[in-house]
Amino acid sequence: MIPEGSDMSGLLAQAQAMQQQLMQAQQELAEAEFTGSAGGDLVTATLTGGGELVGLTIKPEAVDPEDTETLSDLVIAAVRDANNKVKAGAAAKLGPLAGGLGGSGLPGLPF
């Protein structure tokens, strides 16, 4: 419901500006990279803001042919750490814009 006496064109312009800011923030987030690590940096994983795995580094000392399970755990932990950083980055970049839409967040956003 629109309050009485409000300026519809002003509200429309404000909504369009917010939409433009949101689109720009989403683009910046998609282009950003987030790196997580595990095992004291034995394994590092890099994700885009969209969640795509674009890098994985495993230091030689993390590789034990007799214990591949630990290496698997380190890879999972590094990817999880990077994913948590993606979510935090999304909340930081998009959260303030979502707050301007009534504070309820936006459907489908990870915060």
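Which residue in strand 2 is the bridge partner of Glu-33? In the predicted model described here, with residues numbered from 1 along each chain as its sequence is written, local features need pLDDT of at least 70, side-chain atom pairs count only at pLDDT 80 or more, and totals for chains, interfaces and linings use all residues. Side-chain values use heavy atoms, with hydrogens and water left out. The bridge partner of Glu-33 in strand 2 is Thr-48.

The protein contains two helices and three strands, where helices (H or I, at least four residues) and strands (E, at least two) are DSSP runs numbered from the N terminus. Read from the N terminus on, the elements follow the order α-β-β-β-α. The accessible surface of the protein is about 7,300 Å², and 55% of this surface belongs to carbon and sulfur atoms; areas come from the Shrake-Rupley method with a 1.4 Å probe, and for residues only the protein chains shown count as cover. Of the 111 residues in the protein, 23% are buried (buried means under 20% relative accessible area, exposed over 50%, partly exposed in between, with a 1.4 Å probe and protein chains only). Among the contacts with a separation of 6 or more, 44% are between residues 24 or more positions apart, a contact being heavy atoms within 4.5 Å.

The three strands form an open sheet in the order 1-2-3, with antiparallel pairing; two strands pair if DSSP finds at least two bridges between them. Strand 1 (33–38) and strand 3 (53–58) stand at the edges with a single partner strand each, so one side of each has no neighbour in the sheet. Neighbouring strands of this sheet are turned by 15° against each other on average, direction ignored; the axes are lines fitted to C-alpha atoms, for helices over the stretch in contact, and angles run from 0 to 180 degrees between N-to-C directions.

Strand 1 and strand 2 are paired over six bridges in the antiparallel sense. These two strands form a hairpin with four residues between them, and Gly-39 in the turn has a positive phi of about 65°. Strand 1 has a covered face, made of Phe-34, Gly-36 and Ala-38, and an uncovered face, made of Glu-33, Thr-35 and Ser-37.

Strand 2 (residues 43–48) pairs with strand 3 over five bridges, also antiparallel. A hairpin with four residues between the strands is formed here too, and Gly-51 in its turn has a positive phi of about 95°. Across this pairing, Ala-45 stands opposite Leu-56 and Leu-47 opposite Leu-53. Thr-44 is also found in strand 2. Beyond its neighbours within four places in sequence, Thr-44 contacts residues including Thr-35, Ser-37, Leu-56 and Ala-78. The C-alpha atoms of Thr-44 and Gly-55 are 7.9 Å apart, with eleven residues separating them along the chain.

The largest nonpolar core has nine residues: Leu-22, Ala-25, Leu-29, Phe-34, Leu-47, Ala-82, Val-86, Ala-90 and Leu-94. A nonpolar core is a set of buried Ala, Val, Leu, Ile, Met, Phe, Trp, Tyr and Cys residues joined through side-chain atoms within 4.5 Å. Helix 1 (8–31) and helix 2 (68–99) are the elements that give two or more residues to this core, and helix 2 gives the most, with four residues. A second, separate core has seven residues, among them Val-43, Ala-45, Ala-62 and Leu-74. Ala-82 touches Phe-34, Thr-35, Gly-36, Ala-45 and Leu-47, leaving out residues up to four places away in sequence.
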